Each structure stands twice: as C-alpha cells, then as structure tokens.
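Subject: Structure for you to look at

Hello,

I am passing on the structure we talked about. My notes follow below it.

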Amino acid sequence: MALFGDLAHHAFTDLAKVLRPQTGSLYLHEAYQGRTLELTLMRGQLLALYVNGFPVPTPAQAGDILRAVSARPQGEFEFQARVLTSAEPTLYVVPLLETLQTFTATAVPEAQLPHPETRFQVSATGAPVPTALQARWASLAPHLRQGASAAELSRLTGQAERDVRVTLHHLRAAELVTPVRRSGVADAPTPGLPVWELTPAAGAGAAAPAPLISRLLGALRRLTGVRA
C-alpha cells in the first residue's frame with residue numbers, strides 16, 4: 001500500500017488513524033523546520049523517528065517533534081508499506097496516535113497559562129529537571145538563558161505557541177524558570193506559587209505612593225489653614 005498527500009489538507013491525527021493497521025515507513029517532507037521526517041511504523045506503533053536521516057533517541061523528544069508538526073501542519077507526506085526485518089532499528093515502541101494527542105489529554109486550563117508575551121529565564125534555584133520535562137527543557141533552555149516569551153520560543157523552535165505556554169507552566173511549577181518581565185495582561189497564579197505583582201504604568205489609574213499623598217495633603221492643609 002502506498003499513500004500520498006499533503007498535511008495542509010489532511011490532519012496528522014487523521015493520517016495516524018488511517019495508518020493504524022499498516023506497517024512501513026511514513027515520510028513527512030519538509031514538515032519540521034524545513035526538514036524531512038521518517039517514521040517507522042508497525043500497526044500503529046512508532047518504532048523510530050529520523051530527522052533528515054538522524055535518529056531521534058528518546059520517545060519524549062519524538063513526541064515533542066511530532067506534536068509540533070501536528071500543530072503546524074505543512075509539507076507532503078508519503079507512506080510506503082513494507083515488511084520490517086529482524087534487524088530493523090527499534091528505538092521505542094509508542095502508539096503514534098496517542099502520542100499526538102498527549103497535549104490534548106493533559107491540557108492545562110487557559111486561565112492557568114502564562115501570557116504569550118511574558119518573558120521567562122532559567123531560574124537560579126538549581127532545581128532538578130523532572131524526567132517528563134527533560135526533552136522539552138533541552139529544546140527551550142538554550143533560549144531561556146537570556147530570557148524569552150512563549151511567542152518568541154514558538155517562532156524559534158517551531159512548536160505551537162499554546163504547547164510552549166503549557167511547557168512553561170510546568171517548568172515554572174518545577175522552579176526551573178522564573179518570569180523576568182510581565183506583559184500588560186495578568187497571569188493566573190499557579191497553586192502553591194507566589195503571585196507576580198504588576199506595577200501599573202503612570203497615568204493608567206495607578207495609586208500614588210503613600211508618602212507622596214501625605215505630603216500633598218500636608219501642603220493643602222497649610223494653604224487652607226485646616227488642621228488634621
């Protein structure tokens with residue numbers, strides 16, 4: 001069985017459903033940051049993923065790449081059915097469709113996600129990286145050392161902006177990142193974490209500092225002769 005098409009016209013999850021009974025190689029041409037992916041599939045199970053011929057070593061990294069493709073579908077696909085040999089490299093055995101749906105199944109409510117323009121950088125706490133976050137941390141950490149927002153990270157890594165916001169939510173909860181500049185839209189506090197304060201801009205209804213109010217009231221009293 002051979003199958004051809006374009007991800008712009010066929011959802012990646014729908015393609016995974018069609019290929020569930022099949023065994024062979026799925027090629028996604030220029031689908032990930034302009035590079036070609038090759039997936040070795042066996043009846044719905046992902047056995048290996050290659051990016052431009054180089055193997056992706058862990059299932060977590062493979063899942064992140066495939067979800068990024070699913071979030072921003074582009075490029076032609078080609079599936080070639082074939083018999084896998086005993087010498088076939090098997091890097092992992094994970095269900096393709098379930099891997100694509102992981103973020104949907106574990107979605108964080110929108111109200112708990114950081115604003116897309118809120119900048120984060122690597123925290124100085126030295127907290128250990130949880131196993132479940134290691135692949136995503138490896139892809140984002142180089143950009144977070146100087147500080148970056150979800151919107152910037154999405155453009156830099158090719159991941160969907162909401163997925164990056166979900167990742168930042170989890171990294172923040174693990175004390176691996178900290179906000180360095182707030183956007184004008186307030187983020188909902190994560191349970192158990194400190195609330196970030198916003199300093200209102202001048203002329204935006206911000207309350208004047210208490211000492212200044214006291215001096216103004218004192219001057220007014222002296223002018224009017226009114227005693228406190």
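**Strands and cores**

In S4, Tyr50 is the bridge partner of Glu38. Please keep in mind that this is a predicted model.

The pairing between S3 and S4 comes first. Strand S4 covers residues 45-51 and runs antiparallel to S3, with 6 bridges joining them. Their hairpin has 2 residues between the strands, and Arg43 there takes a positive phi near 50°.

S3, residues 35-42, also pairs with strand S2, residues 23-32; the sense is antiparallel and there are 7 bridges. Leu26 has Leu39 in S3 as its bridge partner. In this hairpin, too, 2 residues lie between the strands, and Gln33 has a positive phi near 50°.

As a general point, nonpolar side chains in soluble globular proteins tend to be buried together. The largest core here has 28 residues, and Phe12, Leu26, Leu28, Leu37, Leu39, Leu49 and Leu66 have the most contacts inside it. Two or more residues each come from helix H1 (12-18), S2, S3, S4, helix H2 (59-71), strand S6 (76-81) and helix H3 (96-100). H2 gives the largest share, 5 residues.

Regards

Terms used
Residues numbered from 1 in each chain as written. Predicted model: local features only at pLDDT ≥ 70, side-chain atom pairs only at ≥ 80, totals over all residues. Heavy atoms only, no water. Pairing = 2+ DSSP bridges. Helix = DSSP H or I, 4+ residues; strand = E, 2+ residues; numbered from the N terminus. Core = buried A, V, L, I, M, F, W, Y, C linked by side-chain atoms within 4.5 Å. Buried < 20%, exposed > 50% of the residue type's maximum accessible area, 1.4 Å probe, protein only.
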